[in-house]
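Visitor: I would like a close look at a single part of this protein. Please take me through it step by step.

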Amino acid sequence: MAVSFLRHEVSDLCLAKPALRSLSISATVAHALEALKTSEENFLSVWDCNHHSNTTLAGDQCRCVGKVCMVDVICYLSQDANLLSPSAALKAPVSEIMTETAGTVMHVEPSCSLLKAIDLMLQGIQNLVVPIQTRQSLSSRRKQHPKLINSNTSTIHNGQEFCWLTQEDVVRFLLNSIGVFSPLPALSIDSLGLINTVDILAINYHSPASSAVQLITQSLTQQTSVAVVDVDGVLIGEISPFTLSSCDESVAAAIATLSCGELMAYIDCGGPPEYLIKIVTERLKERKLQGALESYSSSTSSSSSTMFSSSSSSDEESSVSPSSTRMVRSGRFSRSNSYSARMVRRAEAIVCHPKSSLVAVMIQAIAHRVNYVWVIEDDCSLVGIVTFSGMLKVFREHLETMG
């Protein structure tokens, strides 16, 4: 059974994977924003190729060179220079928001081994781009969708479609074959050395949210999150790229004007609470950020009509404090649906304890579609973080013994 497992290729993980929706490297930030708002995925692949050629695409003309998500757009628009004129900032090339994610995607063949794929991910590759069989011929797709090839969000490159594999895909695949690794899955994350106590991205609850932008960008690169803690190191909550990805560009104004605690409340409610919208508006006026104010007013007025749920008036009028948002002992923060009009997804920041088993933590992360789990003590003080990357390293070492 172990020997047969080692024979797996990335094509085994690509079954039923959807074709990548992509963006041209020549697109603008505005194009990326528009595409992200209508996408069911958090990330769009960015390709460097010529879709306007009348000749048949062949060879390596098209390459996936990176990826973008709503978090990239939000962090970009929250910069001081871009707050002055958001409309001008949106005209910039999409490459402006790809800086931190460049070099994290790689093309591989379907025959690439699972072991090789894990090695690449441990080297820092986040997405493996794999060619897949199109369900229809290129010519028939062109006839049915004449704008598909020339669109900013084409799914066909070099005459075929592609999907990509992530750490989550690999960990999910390992979880489905967890019996192969016995007794490893039953061991505690502490005993396996999986708790990372060094590379923790954390910020104080009362710090300006603008001071967290660099940490948010780092967390996106590390595929983790930013812990929000009090002065005693107790984990209050998080500013998660996953949650931010379900928001819209108006959050850039909130980041520029709110504290980290206020920002958590802003993005975690069924819709941004009215009192926080007023605070953001007033602070934008105080800073004379007219461009950001106009953009923010337009975004919040349009999104308010599409909210799926809202907090009660008593909740909205109550002050935001660490004690009111502190985690419960069950190990979860309750998260309401994000207010984005483009997609509403429920997200929960999850925690575990040092003695939690590897398989339990894997299930937690997979169930909540995150690449990490926070590790806390009984008093809720933050100990560290367990990541998919750390898990893959442990499994890779175990696979060596199986060979």
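In β12, which residue is the bridge partner of Val351?

Guide: The bridge partner of Val351 in β12 is Trp374. Keep in mind that this is a predicted model. Now let us build the picture around that pair.

Start with the strands. β11 and β12 run side by side in the parallel sense, and they pair over 2 bridges. Strand β12 covers residues 372-376. In another, Cys352 has Val375 of β12 as its bridge partner.

Now widen the view to the sheet. It is open and has 3 strands, in the order β11-β12-β13. The pairing is mixed. What stands at the edges of this sheet? β11 (351-352) and β13 (382-387) do. Each has a single partner strand, so one side of each is left without a neighbour in the sheet.

A helix joins the picture here. Helix α17, residues 358-367, packs on the sheet. It touches β11, β12 and β13. The direction of α17 makes about 125° with that of β12.

Back to β12 itself. Is it enclosed or open to the outside? Count its residues: 5 of the 5 are buried, so β12 is largely enclosed by the rest of the structure. Tyr372, Trp374 and Ile376 point one way from β12. Val373 and Val375 point the other way. All of these are buried.

Take two of them in turn. Tyr372 has a relative accessible area of 4%. Buried means under 20%, so Tyr372 falls in that class. Trp374 has 1% relative accessibility, so it also counts as buried.

Aromatic rings come next. The structure holds 3 aromatic pairs. One of them links Phe181 and Phe395, with ring centres 4.8 Å apart. Their planes stand at 75°, so this pair is edge-to-face. The pair ties together distant parts of the chain, 214 residues apart. Phe181 is in the loop between α8 (167-176) and β8 (202-204). Phe395 is in helix α18, residues 388-402. Phe181 is buried, at 0% relative accessibility. Phe395 is buried too, at 1%.

Another pair brings us back to β12. The rings of Tyr372 and Trp374 have their centres 5.8 Å apart. Their planes are at 65°, so this pair is also edge-to-face. Recall that Tyr372 and Trp374 point one way from β12. Recall too that Trp374 is the bridge partner of Val351.

Two other spots are worth a visit. Lys67 lies over the face of Phe43, at 4.4 Å from the ring centre. Thr166 sits in the loop between β7 (160-165) and α8. At 18% relative accessibility, Thr166 counts as buried, because the cut-off is under 20%. Leaving out residues up to four places away in sequence, Thr166 touches Met121, Gln126 and Asn127.

Finally, step back to the whole protein. There are 18 helices and 13 strands. Of the 403 residues, 55% are buried. Look at contacts between residues at least 6 apart in sequence: 69% of them join residues at least 24 apart. The protein exposes about 17,600 Å², and carbon and sulfur atoms supply 50% of that area.

Conventions. Residues numbered from 1 in each chain as written. Predicted model: local features only at pLDDT ≥ 70, side-chain atom pairs only at ≥ 80, totals over all residues. Heavy atoms only, no water. Pairing = 2+ DSSP bridges. Helix = DSSP H or I, 4+ residues; strand = E, 2+ residues; numbered from the N terminus. Contact = heavy atoms within 4.5 Å. Axes fitted to C-alpha atoms, helices over the stretch in contact; angles between N-to-C directions. Phe/Tyr/Trp six-rings, centres within 6.5 Å; stacked < 30°, edge-to-face > 60°. Buried < 20%, exposed > 50% of the residue type's maximum accessible area, 1.4 Å probe, protein only. Lys NZ or Arg CZ within 6 Å of the ring centre and 35° of its normal. Areas by Shrake-Rupley, 256 points an atom, 1.4 Å probe, with all protein chains shown as cover.
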